[in-house]
Every structure is written in structure tokens, then in C-alpha cells.
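Reader: Hey, could you walk me through this one? I'm new to reading structures.

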Amino acid sequence: MTKVFIDGQAGTTGIQIFDILRTRSDLEIITISEDRRKTPAARKDLINSSAFTILCLPDDAAIEAASYREGDTRIIDASTAHRVDDKWVYGLPELNESHRQQIRNADLVSNPGCYPQGFILLVKPLVDAGIIERQAALSCNAVSGYSGGGRQMIEEFMTVDAEQKERLWINDYGLDLNHKHVPEMRTYSGLTTNPLFLPTVANYYKGMIVRIPIHLETLTEITGATIVECLKEQYRKCQFIRVHDYNNVDVLEKGRLNPIGCNNTNFMDLMCFGNANQVVLLARYDNLGKGAAGAAVQNLNIMLGVEE
């Protein structure tokens, strides 16, 4: 069996990855005792005695853990630390036709961020097709359940009283417009200009929607239907990406788009709604599924050469 060590197994993403993998008959999940999980020597030994290590750590700790690698251990890093590092392969299999093979052959894979995945998979095909110019100034508004903030935010939202819950119902953050996901969003979408990215956390556990509004007058003879056809062609072989027809109201509930519609799956729904003058591109997925743990497992399976 292939040995896999999850460094940071006690965190939100680590727990979910462990739950997904623990019943696999082809894998041996190496665990570390509570009293040793912050001991560098113990973690270094487990990293180098495993075939794969998945890092579910804060950025600085992930950089330190990656430096422990001495042998042939292959690493998937779920932190932000290595996402635009040329020595690491960006772990978004749907990025282009050749990217899945790059992941399969890689020793170092940086798992994508939850918010950037939706933005990149909506924008990159349109940039590549010339529908959106590389220098375009795009805005991205996104909402996620509070599990995306990790253990401390989960505890904050789950332990508040009724009055505090009202204050936490929906909160914008990253208001300096310098969120750590922005370099990743720009780099892999093909844009040369930073998108204006405004994330929001809401008082539900998980599920997310990424939104990109576009004035069609900024494009050349492009309609919402043209955009959808481009996305469908790009992802026709991608089993986890579902591109819906233009203005498909069947995905709505009483005219509303529910952010939890892909929860507990590795699916991402891509949609486009609008009129003759304006459209909004939307991506819906589970921020702990396709957004984090599911993406890490998908990358692991590609690197193992098994079904994604």
C-alpha cells in the first residue's frame, strides 16, 4: 500500500482529507500522536518515510515542512505558500489540456485556493479565446461559508449568542483589496492586471459562489451565449466541471442561487446569467470539497495514476 502522511491532520482541511482517504484499501494513512504533531524531528521522519505528504498547515509552517523533504516523498501543499512558485506545479487539473499530465509527473504540487479556482476556471478560457483581453480590469465578488476561515472562525461562528450571530450574518473582508489570493488569480487566469477581489464570509458552514460581472460593451460582439459555448468547449472532458446553459433558471431556487448546491461533492457549477448589455459569470462549489480537501484528493489520485 502507498503511505500517505497528512501534516496538519487536526485542522479543518486535514480532517476532511483524512475522512475521504481513511477507507481506501490502496492507501496507508500515517498518523502522528497529539504529543508529537508539533515536534519537527517526528514530522520530518514521517514526511520522508511516506510516499506522499499532504501539508494542511499555515504558510510559514508549510514552508518549513517542505524543507524537511530529503528523499522521494511527493508533496501536495494546501497552503498559499507555493502557489506562484515556479518550482511547484499548480494543482488545478482543469487549467488546460496538458496540465493534468504535469501534475501526474510532479513531485511538488501546490493545491489551489478555494476562491481562485472559480475565478480562474471562469476567466482563463475567455482570455485564451480572446473574448476577454489580458489587460482587462475585472471585479470578483465571492461568498463562502465560515468553514473557509479554519478552526478559529468555525469556533467563533458556532459559539456566538443570538445577538452576535446577527452581527456575523454576512461580513465583507479583505477590504484593503490586497488579499493573498490575488497573485494566484492573476497569474493563472492569464490576466496582466490584478482583479478587484472582494470576499465575503456568511453565517452558514460551507459552500461558495464566485461572481464576475461584465459589461458586454467592453467586449467585441460577444453575448452571454458565446461565453457559455466557450466554457462548454473548454471543459467538455472535465468530469467535475458542469457548465450550464446560458440563463438556465433550472439551477435556481425561487429565482435565487443557493451557495450550498454542490456541497459534499467535488463538482463545480459554472453559469452565466444576464441580458443584452450585462452578464454575470458564476462558479458554485463546496469550499471544503472542490475548494480544498476534494481538490487535494483529486491531485493525489492523478499523481497515483488512479481514477480522479
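**Sheets, pocket and rings**

Author: Let's start with a pair of strands: β3 (residues 52–55) and β4 (residues 74–77) run parallel and are joined by four bridges. Strands here are DSSP runs of E with at least two residues, helices are runs of H or I with at least four, and both are numbered from the N terminus. Two strands pair if DSSP finds at least two bridges between them. This is a predicted model, where local features need pLDDT of at least 70 and side-chain atom pairs count only at pLDDT 80 or more, while totals for chains, interfaces and linings use all residues. Residues are numbered from 1 along each chain as its sequence is written, and side-chain values use heavy atoms, with hydrogens and water left out.

Reader: Ok, who stands opposite L55 in β4?

Author: That's D77.

Reader: And what order do the strands of that six-strand open sheet have?

Author: The order is β2-β1-β3-β4-β6-β5, with parallel pairing. β2 (27–30) and β5 are the edge strands, each pairing on one side only.

Reader: What about the sheet with seven strands, what's its order?

Author: This open sheet goes β8-β9-β7-β10-β13-β12-β11, and its pairing is mixed. β8 (170–172) and β11 (241–243) each have a single partner strand, so one side of each is left without a neighbour in the sheet.

Reader: Which way do β7 and β10 run, parallel or antiparallel?

Author: Antiparallel: four bridges join β7 (residues 139–145) to β10 (residues 208–215). In that pair, A142 stands opposite V210.

Reader: Switching topic, how much space lies in the largest pocket?

Author: About 1300 Å³. A pocket is an open set of points on a 1 Å grid over the protein atoms alone, where a 1.4 Å probe fits, with protein on both sides within 12 Å along at least five of seven lines; lining residues have an atom within 4 Å of a point. Of the 49 lining residues, the closest to the centre are T13, C56, L57, P58 and G150.

Reader: Which helix gives the largest share of the lining?

Author: α6, with four residues.

Reader: Last one: how many aromatic pairs are there?

Author: Five. Rings of Phe, Tyr and Trp (its six-membered ring) pair if their centres lie within 6.5 Å; planes under 30 degrees apart count as stacked, over 60 as edge-to-face and the rest as tilted. Y90 and Y188 are stacked, 3.8 Å centre to centre with 0° between the planes. Y90 sits in β5 (residues 89–90) and Y188 in α8 (residues 182–189), so the pair ties together parts 98 residues apart in sequence.

Technical notes:
Points joined across faces, edges and corners; volume = space filled by probe spheres on them.
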